[in-house]
Amino acid sequence: MSARSSHLRHLLEIDDLTPDELAHICELARMEVSDLSPVLAGRGIACVFTKPSARTRNSTEMAVVQLGGHPIYITNDEIGIDDRETAEDIGRTLACYHAGICARVHEHRVLERMAALDAVPVVNLLSDDAHPLQAIADVLTLESELGSIKDRVVAYVGDANNVTRSLGLAVGFLGGELRVASPPGYGFSEADHERLVVAGVDVALFDRAGDAIVGADAVYTDTWTSMGQEAERAERLKAFEGYTVDEQLLSASPNAIFLHCLPAHRGEEVSAAVIDGDRSRVWAQAANRLAAIRGVLLWLYDAKGARR
């Protein structure tokens with residue numbers, strides 16, 4: 001589903017935006033808090049979490065507060081998506097009380113079903129398919145460190161997952177190149193690769209991590225075992241041998257900054273020396289999660305309500 005076909009605007013994945021809209025959201029995200037308009041004054045935002053979070057919950061709630069609104073944290077124990085009630089009925093119910101729904105879920109289709117109601121804007125805080133708010137925080141970090149992303153190279157090392165797909169779309173929309181190094185069986189699906197190509201993203205795939213990061217402006221990694229994949233941990237640790245971003249690997253690109261969406265596992269996907277070193281920008285990334293969701297909410301809402 002493309003959010004651009006909907007009457008209301010939603011953000012389920014980066015390519016629900018145009019490149020110009022993404023650039024505009026980044027501009028809004030960089031606004032000083034003292035200059036913000038209280039576009040959510042007197043209104044609530046339903047913050048639905050079927051997966052726990054640290055950065056996502058804190059950044060979303062604070063962004064809503066900074067824009068004058070009231071965030072309500074809702075767990076799946078309270079609403080039981082497609083168990084106690086359908087996603088559609090939950091979406092209609094929450095729209096009775098709130099100006100929007102921000103949701104962190106497992107199944108991406110749940111977000112699509114809620115957005116299809118066109119009751120209130122729906123924002124994807126994370127799904128198994130996409131993580132657009134992380135990608136916006138990532139490009140904000142890259143721009144603050146490198147200036148324009150145009151013609152810059154971001155090398156991603158590890159599991160080509162939801163974070164990687166959204167990152168590729170965001171970097172590509174702003175004129176950068178994405179390189180992805182993954183072991184066999186852990187690269188992009190054919191559908192995800194095709195989606196990036198159709199979106200005009202300059203993406204190159206590698207089997208060897210060292211080959212991908214030569215000359216890169218930024219090197220990015222993520223945990224090898226994401227939430228819900230714990231049973232695969234031993235298999236994944238074996239598959240990703242040689243993909244740890246350590247000082248030796250990073251030496252192939254001596255001017256690159258290091259990025260990680262967190263949480264991190266030192267000694268697995270990244271060494272302590274790299275993530276805690278002077279080339280790491282992971283805490284700037286974490287801080288930019290607040291700016292990212294604030295920029296999206298500013299883009300979605302004005303004094304009269306949701307954008308149309």
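Select the whole protein chain first. Of the contacts between residues at least 6 apart in sequence, 75% join residues at least 24 apart. The model is a predicted one.

Stay with the whole chain. It holds 13 helices and 11 strands. Its radius of gyration is 19 Å, close to the 19 Å that the globule rule gives for 308 residues, so the chain is as compact as a globular protein of that length. Along the principal axes, the C-alpha atoms fill a box of roughly 55 × 40 × 35 Å. Of the 308 residues, 56% count as buried.

Four strands make up an open sheet, ordered 2-1-3-4, with parallel pairing. Which strands stand at the edges? Select 70–75, strand 2, and 122–126, strand 4. Each has a single partner strand, so one side of each is left without a neighbour in the sheet. On average, neighbouring strands are turned by 20° against each other, direction ignored.

Move to residues 44–49 and 100–104. These are strand 1 and strand 3, which run parallel and are joined by five bridges. Zoom in on Ala 46: opposite it, in strand 3, stands Ile 101.

Finish at residues 282–300. This is helix 13, which also packs on the sheet, touching strand 3 and strand 4. Its direction makes about 165° with that of strand 4.

Note on methods. Residues numbered from 1 in each chain as written. Predicted model: local features only at pLDDT ≥ 70, side-chain atom pairs only at ≥ 80, totals over all residues. Heavy atoms only, no water. Pairing = 2+ DSSP bridges. Helix = DSSP H or I, 4+ residues; strand = E, 2+ residues; numbered from the N terminus. Axes fitted to C-alpha atoms, helices over the stretch in contact; angles between N-to-C directions. Contact = heavy atoms within 4.5 Å. Rg over C-alpha atoms; globule rule 2.2 N^0.38 Å. Buried < 20%, exposed > 50% of the residue type's maximum accessible area, 1.4 Å probe, protein only.
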